[in-house]
Amino acid sequence: MKEKIKTFFAVCILILAVPYIVTLLFQGDETSPDSGKVQNFSKEKVSETLKMKDKDTDVEKYLVGVMAKEISPDYHKEALKAQAVIARTALSAAGEDENNPLPESMSQEEMMKLWGRENFEKNYSILEEAAKDTKGEILVYQEKPAHGAFHAVSAGKTRSAKDALQTEEEPYLASVDSKMDIPSLDYLKVVFMEKEEFLEKLREICPELKAGKENILESVEIQSRDSADYAVKVKVGEKEITGEEFRNSLGLNSACFYIKEVENKVRIVTKGLGHGLGLSQYGANELAKEGKNYKEILQYYYKEIQIKR
């Protein structure tokens, strides 16, 4: 009799557990029931949703993934709000013009790998709150979404689009003082390269380069710098390239670089991290610590810009 009772209860427990087990099998490791909505978000869907009056829902969820790719959740909440507005502006621009690329977004699985499972919920909530606190807000210039350029750390001054990009179309990307970037660990970097390695890199830029190791530095000429001291035009052998192209070819932190021969090696000193245009994330974080809110931060780095819903 006792065995029959035990069998009866075992069957009951199994019946009750089946729906739970099935749910787990189909949900996998998802922490949030909305995680599927963050995936595979097409440009057409962004455009369609942005035209709706309710700009919440999916676009705001996708926005959290964009922010996760662009900024650390450890930053001050006002700096994170500023980044949320920048990211949403890029989404809005992509929705309005097919020539504007859709900013990349991280899936929740990628966020878990980046932060670790134990930090996922906390970090996701921080970014989600920054998105909610700025709901629907974008940067606007002449009634259109502005180019919300940003970088990690400036060289002590941000760049002017007029000087750096030779364009008059984005006057709000003006050079501003950002000396609060100087304490950053990424403000200054010194790289030493063997002459052979440096010569190899130069020949990738200019295959017909005839220089040897002895006169290698004579092959590189910084022809012009902008007001923030970033290299604008560089001549390698007989080939002219931009400072950004030279930076990318050599894997440098920024185009604000200085080259010198030291102890029979090539020493390259860089200032800042990134292209130097628009908002400096480190600088924004420092302004936030000083008590500036996200709108004040955005208006500091983008001149005569409007923040609209």
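Which residue in β9 does F192 stand opposite? In this predicted model, the residue facing F192 is R267.

The secondary structure of the protein consists of 12 helices and 11 strands. The protein has 309 residues, and buried residues account for 45% of them. Its exposed surface comes to about 17,200 Å², of which carbon and sulfur atoms supply 51%. Among contacts with a separation of 6 or more, 66% are between residues 24 or more positions apart.

Three of the strands were examined as a sheet. The sheet is open, contains 3 strands in the order β4-β9-β8, and has antiparallel pairing. Its edge strands are β4 (188-193) and β8 (257-262), each of which pairs on one side only. From one strand to the next, the twist averages 20 degrees. Strands of a sheet pair through backbone hydrogen bonds, and the pairing may be parallel or antiparallel. Between β4 and β9 (residues 265-271), which run antiparallel, there are 6 bridges. Helix α9 (residues 195-205) packs on the sheet and touches β4, β8 and β9. The direction of α9 makes about 100 degrees with that of β4.

Helix α5 was considered next. This helix covers residues 77-96 and has 20 residues, so at 1.5 Å a residue it should span 28 Å. An α-helix has 3.6 residues a turn, so residues three or four places apart point the same way. Of the 20 residues of α5, 17 are buried, and therefore the helix is largely enclosed by the rest of the structure.

V232 belongs to strand β6, which covers residues 231-236. Its relative accessibility is 11%; because buried means under 20%, V232 counts as buried. Leaving aside residues up to four places away in sequence, V232 touches R159, D163, A164, Q166, S224, R225, D226, I241, T242 and G243. V232 and F246 are 14 residues apart in sequence, and the distance between their C-alpha atoms is 9.7 Å.

Technical notes:
Residues numbered from 1 in each chain as written. Predicted model: local features only at pLDDT ≥ 70, side-chain atom pairs only at ≥ 80, totals over all residues. Heavy atoms only, no water. Helix = DSSP H or I, 4+ residues; strand = E, 2+ residues; numbered from the N terminus. Expected span 1.5 Å × (residues − 1). Buried < 20%, exposed > 50% of the residue type's maximum accessible area, 1.4 Å probe, protein only. Contact = heavy atoms within 4.5 Å. Areas by Shrake-Rupley, 256 points an atom, 1.4 Å probe, with all protein chains shown as cover. Pairing = 2+ DSSP bridges. Axes fitted to C-alpha atoms, helices over the stretch in contact; angles between N-to-C directions.
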